[in-house]
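The exercises below concern pockets and backbone angles. Each has a task sentence and a solution in steps.

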Amino acid sequence: MKATKTAITTALALTLAGTALAEASTTLRVAHVWPGGSLIDRELFQAWADSVEAASQGRLEVEVYPSQTLARSEQTYDSTANGIADIGASAQGYTAGRFPLTQVVELPGVSASSRQGACILQSLYDEGRLDAEYADTRPLFLFTTGPGYLHTRERLIETPADLAGLRLRRPTPVVGDMLERLDAQAVGMPAPDVFTSMQRGVVDGLSFNWEGMKTFRLNELATHHTEVPLYDLSLFATMSQRSYEALPEDLQRIIDDHSGLEWSLRAAAVYDELIRQGREEAEAAGHDFLVIEDALDHPDWGPVLRETTDRYLEEIGGEAQEVYEIAMGLQETCEA
């Protein structure tokens, strides 16, 4: 009788221990490249973390590591694929050659705003056009920065010929190729490194969106702005497949509910607000502006932008032309 009672007690203890273990919280670590405390950090990644925690009633805890503190920008995707981070967010362009079809969305004229770019990019992924490029992770949402322009320290860029001899930070190899064909020196570096490089005179200017000019304090250094849309940088927030599969099904559903177009557009809304703030900041500081209207049809800039698109699609080959045409067709569905 005593042995039976002991066995029952032991079984009950094991059951309770198993229940406690099952209900214990799981911590997800999010690595991203934007500065801690920035609007993107607070209103996108912290907001996502808070929403996930609330939806899981605390069974999921989310720790956000901004400013490349868990993974360098160019290593974020691989760090996520390898499970160093559970979730990673950065730019596809920091991993050169890895996402050629994704970066079709970055070509001149594909999108006119972060909202439109995010919608086009997420829609391409949802339609299965980009699956192979993310086979080793589980994308949560894809988004874009909005159009990137030219910003310089010393003088305003009025025509493509004015770029000759300048050292300019390029966001992607595609833009770098464009700049080098115009006799500029294209310098590759992650966005968080640009301020120090400009301050030290390593670069004369950069190609960047207005969000980045504010987030990374570059309006303090570059005072001449040529608004010719050279690109729209693609971005990802993706999850380690291993981390996702380790979750029970009900928690997987919570992750699924915090993925897709809704969160892609939420990211875009944060970006579009920062784009507005970044330009207004430069205006208030009395900076010089040149706006290139209808850039693809502009007599000086149009041929440069169109050649960039043609060269990229020809170089990538395969499905690139088809993906480009689908992306352009999505412009009507995805309003700017």
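## Exercise 1: Arg 217

Arg 217 counts as partly exposed because its relative accessibility is 43%; buried means under 20% relative accessible area, exposed over 50%, and partly exposed in between, with a 1.4 Å probe and protein chains only. The model is predicted: local features need pLDDT of at least 70, side-chain atom pairs count only at pLDDT 80 or more, and totals for chains, interfaces and linings use all residues. Residues are numbered from 1 along each chain as its sequence is written, and side-chain values use heavy atoms, with hydrogens and water left out.

Task: state where Arg 217 is found and what its phi is.

Step 1. Arg 217 is found in the loop between helix H7 (210-215) and S8. Helices (H or I, at least four residues) and strands (E, at least two) are DSSP runs, numbered from the N terminus.

Step 2. The phi of Arg 217 is near 60 degrees, a positive value in a residue other than glycine.

## Exercise 2: Asp 294

Task: decide whether Asp 294 counts as buried or exposed, and give its loop and phi.

Step 1. Asp 294 counts as exposed, because its relative accessibility is 61%.

Step 2. The loop that holds Asp 294 runs between strand S9 (288-291) and H11.

Step 3. Its phi is near 45 degrees, positive although Asp 294 is not glycine.

## Exercise 3: The largest pocket

Task: describe the volume and lining of the largest pocket.

Step 1. The volume is about 250 Å³. On a 1 Å grid over the protein atoms alone, a pocket is an open set of points where a 1.4 Å probe fits, with protein on both sides within 12 Å along at least five of seven lines; lining residues have an atom within 4 Å of a point. Grid points are joined across faces, edges and corners, and a volume is the space filled by probe spheres set on the points.

Step 2. Of the 13 lining residues, Pro 173, Val 174, Tyr 312, Glu 315 and Ile 316 lie nearest the centre of the largest pocket. Helix H5 (173-181) and helix H11 (301-316) are the elements that give two or more residues to this lining, and H11 gives the most, with five.

Step 3. The lining of the largest pocket divides into six nonpolar, three polar and four charged residues. Here Ala, Val, Leu, Ile, Met, Phe, Trp, Tyr, Cys and Pro count as nonpolar, Asp, Glu, Lys and Arg as charged, and the others, Gly among them, as polar.
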